[in-house]
Amino acid sequence: MPRAVELIRSASLSDVAEYAYAATAPAEARLIFLAGACPLDADGATVAVGDVAGQAAQAVANLRTALKDAGATLQDVISTRVLVATHRQPDLVTAWEVVRDAFGDHDVPSTLMGVTVLGYHDQLVEIEAVAAVLDA
């Protein structure tokens with residue numbers, strides 16, 4: 001199946017980043033704007049309380065589900081924003097490593113941010129995403 005997302009790597013920018021610097025999708029692509037994926041179970045309870053990696057993994061799992069319900073996969077994501085409720089840079093890295101590993105070679109443009117608080121009780125991680133698909 002052809003993919004709509006084309007990742008762009010810039011030779012003019014540092015190669016330190018573990019993601020593409022930009023991505024495009026053709027005009028005929030259907031864009032999917034996803035709400036922030038949260039580390040909630042099927043009953044709406046926050047999982048992995050106090051565990052950044054565990055919450056990131058649950059948020060990725062919920063992101064996969066939302067994408068599937070919209071007719072897409074992680075390979076169709078064109079950008080992400082990873083939010084971590086922390087003031088510690090190592091917590092950002094921990095969350096990022098989970099997200100990065102889930103996306104594998106599809107290293108979409110991403111923003112990683114530390115924030116003061118997120119919406120659910122005991123929530124530490126949230127992942128926003130935009131995807132693009134070519135419908136047959």
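Visitor: Which residues does His106 touch, leaving aside those up to four places away in sequence?
Guide: Not counting residues up to four places away in sequence, His106 touches Val5, Leu7, Leu74, Gln75, Asp76 and Val77. Please keep in mind that this is a predicted model.

Visitor: Where does His106 lie?
Guide: His106 lies in the loop between H2 and strand E5, which covers 110–115.

Visitor: And is His106 buried or exposed?
Guide: His106 has a relative accessible area of 7%. Buried means under 20%, so His106 is buried.

Visitor: Which residues line the largest cavity?
Guide: His106 is one of the lining residues.

Visitor: How do the lining residues divide into nonpolar, polar and charged?
Guide: Four residues of the lining are nonpolar, four are polar and three are charged.

Visitor: Trp96 was in that list. Is Trp96 buried or exposed?
Guide: Trp96 is buried, as its relative accessible area is 12%.

Visitor: A new topic, then: aromatic rings. How many aromatic pairs does the structure hold?
Guide: The structure holds two aromatic pairs.

Visitor: What is the relative accessibility of Tyr19, and what is that of Tyr21?
Guide: Tyr19 has 28% relative accessibility and counts as partly exposed. Tyr21, at 33%, also counts as partly exposed.

Visitor: Why is the pair of Tyr19 and Trp96 described as edge-to-face?
Guide: The planes of the Tyr19 and Trp96 rings stand at 85 degrees, with the centres 6.0 Å apart. Planes over 60 degrees apart count as edge-to-face, so the pair of Tyr19 and Trp96 is edge-to-face.

Visitor: Where in the chain do these two partners sit?
Guide: Tyr19 is in the loop between strand E1 (6–8) and strand E2 (22–24), whereas Trp96 is in helix H2, residues 89–103. The two residues are 77 residues apart, and their pair links distant parts of the chain.

Visitor: Which residues form the aromatic cluster?
Guide: Tyr19, Tyr21 and Trp96 form one aromatic cluster.

How values were computed
Residues are numbered from 1 along each chain as its sequence is written. This is a predicted model: local features need pLDDT of at least 70, side-chain atom pairs count only at pLDDT 80 or more; totals for chains, interfaces and linings use all residues. Side-chain values use heavy atoms; hydrogens and water are left out. Rings of Phe, Tyr and Trp (its six-membered ring) pair if their centres lie within 6.5 Å; planes under 30 degrees apart count as stacked, over 60 as edge-to-face and the rest as tilted. Buried means under 20% relative accessible area, exposed over 50%, partly exposed in between (1.4 Å probe, protein chains only). Helices (H or I, at least four residues) and strands (E, at least two) are DSSP runs, numbered from the N terminus. On a 1 Å grid over the protein atoms alone, a cavity is a set of points where a 1.4 Å probe fits but cannot get out, and a pocket is an open set with protein on both sides within 12 Å along at least five of seven lines; lining residues have an atom within 4 Å of a point. Ala, Val, Leu, Ile, Met, Phe, Trp, Tyr, Cys and Pro count as nonpolar, Asp, Glu, Lys and Arg as charged, and the others, Gly among them, as polar. Contact means heavy atoms within 4.5 Å.
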